[in-house]
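I opened my notebook to go through this model piece by piece. My entries follow in the order I looked things up.

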Amino acid sequence: MPTVLDQIIDGVREDLAGREAITSLERLQRRCDGMPAPRDAEAVLRRPGLSVIAEVKRTSPSKGALAEIPDPAALAAAYAEGGASAISVLTEQRRFDGSLDDLDAVRAAVDLPVLRKDFMVSEYQVWEARAHGADIILLIVAALDDRRLADLMALAGSLGLTCLVEVHDEAETTRAVDLGATVIGVNNRNLRTLDVDIDTFARLAPLIPPECVRVAESGVRGPDEAALFTRAGADAILVGEALVVGGDPAAGVRSMIEAASRA
């Protein structure tokens, strides 16, 4: 039986085919010519203290609708005001109600590194991310075999993009490390079942070399979890739901950074 991840990727491939029919790869590549170099997101995430990657997230497969977010740019600006190190923008449209328009709006609004968060399966999507101003792309190990993962990492690197390589278990962590990933995200949510286990990060973090950037994803409900993941070795956290439903996104980011500083 197909998993949730399988179903999401099937939809992503259908939507991707539609965009490819409208905009050729060559046109995307020409659009990238002369663009400013991407920001060095990895260097930003390596700065002292816990980095917060704050997410523009309207819905999720597990929780449904979270927030309307009529103005992604304003939300991103609030995140920046609160001290976020980077902004994550969901661009998958079927399950997360995101779009490349959201990415464009956020890119125009902030000077922080911007992550295109999507289910990347092809080179076209990497070029798309670059053409829309992303500095970081998400690569989910569970969705890619080693050859495709290596190829997408290499292309992203050639374009100056940082790869956030996401893992869920021991085998995926080993694969990411062996392929040379330097920014590794541990997702505490199992994308096959959507269950969250916040102990996942602490279990997998020791498998990630200390020279890598370690990012904790999912399950960050507030300052307590920010401190918890900091003590477990996180250099950064990726937070969406808690910030978009909390009422004051700038204060939400600030409170997590402050809690981590006391951890």
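What do the buried residues of α10 pack against? I found that they pack against α9, β9 (213-217), β10 (236-239) and α12 (249-262). I count contact as heavy atoms within 4.5 Å.

Ground rules next. This is a predicted model, where local features need pLDDT of at least 70, side-chain atom pairs count only at pLDDT 80 or more, and totals for chains, interfaces and linings use all residues. Residues are numbered from 1 along each chain as its sequence is written, and side-chain values use heavy atoms, with hydrogens and water left out.

**Entry: α10.** Helices (H or I, at least four residues) and strands (E, at least two) are DSSP runs, numbered from the N terminus. In α10 I noted E225, A226, A227 and F229 as buried. Buried means under 20% relative accessible area, exposed over 50%, and partly exposed in between (1.4 Å probe, protein chains only). Just after α10, G233 has a positive phi of about 110°.

**Entry: aromatic pairs.** I took rings of Phe, Tyr and Trp (its six-membered ring) as paired if their centres lie within 6.5 Å; planes under 30 degrees apart are stacked, over 60 edge-to-face, and the rest tilted. The count by this rule is two aromatic pairs. F201 and F229 have ring centres 5.8 Å apart and planes at 75°, so I logged the pair as edge-to-face. F201 sits in helix α9 (residues 199-204) and F229 in helix α10 (residues 223-231), so the pair ties together parts 28 residues apart in sequence. Both F201 and F229 are buried.

**Entry: I237.** I left aside neighbours within four places in sequence. I237 then contacts L50, S51, V52, I53, V215, A216, V220, A226, F229 and M256.

**Entry: α1 and α6.** How do α1 and α6 meet? The axes of helix α1 (residues 4-22) and helix α6 (residues 123-131) come within 11 Å and cross at roughly 65°. Axes are lines fitted to C-alpha atoms, for helices over the stretch in contact, with angles from 0 to 180 degrees between N-to-C directions. V12, L16, R19 and E20 of α1 make the contact with Y124, Q125 and E128 of α6.

**Entry: L16.** L16 belongs to helix α1. Is L16 buried or exposed? At 5% relative accessibility, L16 counts as buried. Neighbours within four places in sequence aside, L16 contacts V121, S122, Y124 and Q125. From L16 to E217 I noted 201 residues in sequence and 25 Å in space, C-alpha to C-alpha.
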